[in-house]
Amino acid sequence: VTWGDSNRVGPSVSRAGGKGINVARVLTQAGFGAHAIAAVGHDDIHAFENDLRSVPHTLISDPNGRARRSIAVVEDPGATRVTLFNEVGHVVSDTVWSELVDVTTERSASATCLVIAGSLPPQFDLERISDLIASADRRDRLRVRRARSGRRSRRRPAHAPAAPWWP
């Protein structure tokens with residue numbers, strides 16, 4: 001990258017992603033049962049639906065517009081160094097969060113593991129994670145995994161299972 005100048009790049013690729021989507025995609029490709037649940041900006045819901053045809057999923061339309069973007073810049077083909085530019089997300093409304101909890105609770109009835117993955121949006125109350133886990137794991141049988149990103153998400157909510165389920 002030459003800062004302050006115009007930089008030529010090869011063809012770009014856009015795809016549905018995020019830690020939770022990526023976990024479900026890899027598990028599905030490996031032959032395991034998985035179901036991705038995600039809130040997606042209203043403007044991007046059709047692109048996500050199209051890209052996730054091979055991954056079982058439930059997408060919750062967030063009226064806040066578009067999904068948060070991350071741009072990965074790869075130095076050269078075959079390079080091992082990638083630079084990421086991540087947009088800050090937007091605040092998740094109580095309505096969208098409630099729908100996400102409802103869908104997760106319904107889908108988890110037949111699940112053995114719940115993976116909570118991704119960065120946290122601005123102004124996010126970590127106790128919402130505790131409520132999500134309590135709602136989804138009413139029979140105390142789910143293994144809970146949290147893929148964390150950054151210092152902010154490392155604190156375990158009060159009702160989250162202790163190690164090894166909360167890395």
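Which residues are buried in helix α1 (residues 19-29)? I found I21, A24 and R25. Buried here means under 20% relative accessible area, exposed means over 50%, and partly exposed is in between (1.4 Å probe, protein chains only). Helices (H or I, at least four residues) and strands (E, at least two) are DSSP runs, numbered from the N terminus.

Ground rules, before I go on. I am looking at a predicted model, where local features need pLDDT of at least 70 and side-chain atom pairs count only at pLDDT 80 or more, while totals for chains, interfaces and linings use all residues. Residues are numbered from 1 along each chain as its sequence is written, and side-chain values use heavy atoms, with hydrogens and water left out.

Back to α1. I then checked what they pack against, and got β1 (36-41) and α2 (45-51). Contact means heavy atoms within 4.5 Å. Just after α1, I noted G31, with a positive phi of about 90°.

Next, the whole chain. I noted four helices and six strands, in the order α-β-α-β-β-β-α-β-α-β along the sequence. The chain has 167 residues, and 31% of them are buried. Of the contacts with a separation of 6 or more, 54% join residues 24 or more positions apart.

Then I went for the cores. A nonpolar core is a set of buried Ala, Val, Leu, Ile, Met, Phe, Trp, Tyr and Cys residues joined through side-chain atoms within 4.5 Å. The largest has 19 residues, and W97, I116 and I129 touch the most other members. Two or more residues each come from α3 (94-108), β5 (113-117) and α4 (127-136). With five residues, α3 gives the largest share. Apart from this core I found another, of 13 residues, including I21, A24, L52 and V55. I had already listed I21 and A24 as buried in α1.

Last stop, the surface. V1, W3, I71 and F85 make a nonpolar patch of about 500 Å². Such a patch takes residues with over 30% relative accessible area and no salt bridge, its nonpolar side chains (Val, Leu, Ile, Met, Phe, Trp, Tyr) being joined within 5 Å. A salt bridge is a side-chain nitrogen of Lys or Arg within 4 Å of a carboxyl oxygen of Asp or Glu. I placed F85 in strand β4 (residues 82-86).

Terms used. Patches are made of residues with over 30% relative accessible area and no salt bridge: like charges are joined within 9 Å, nonpolar side chains (Val, Leu, Ile, Met, Phe, Trp, Tyr) within 5 Å. Accessible areas come from the Shrake-Rupley method with a 1.4 Å probe; for residues, only the protein chains shown count as cover.
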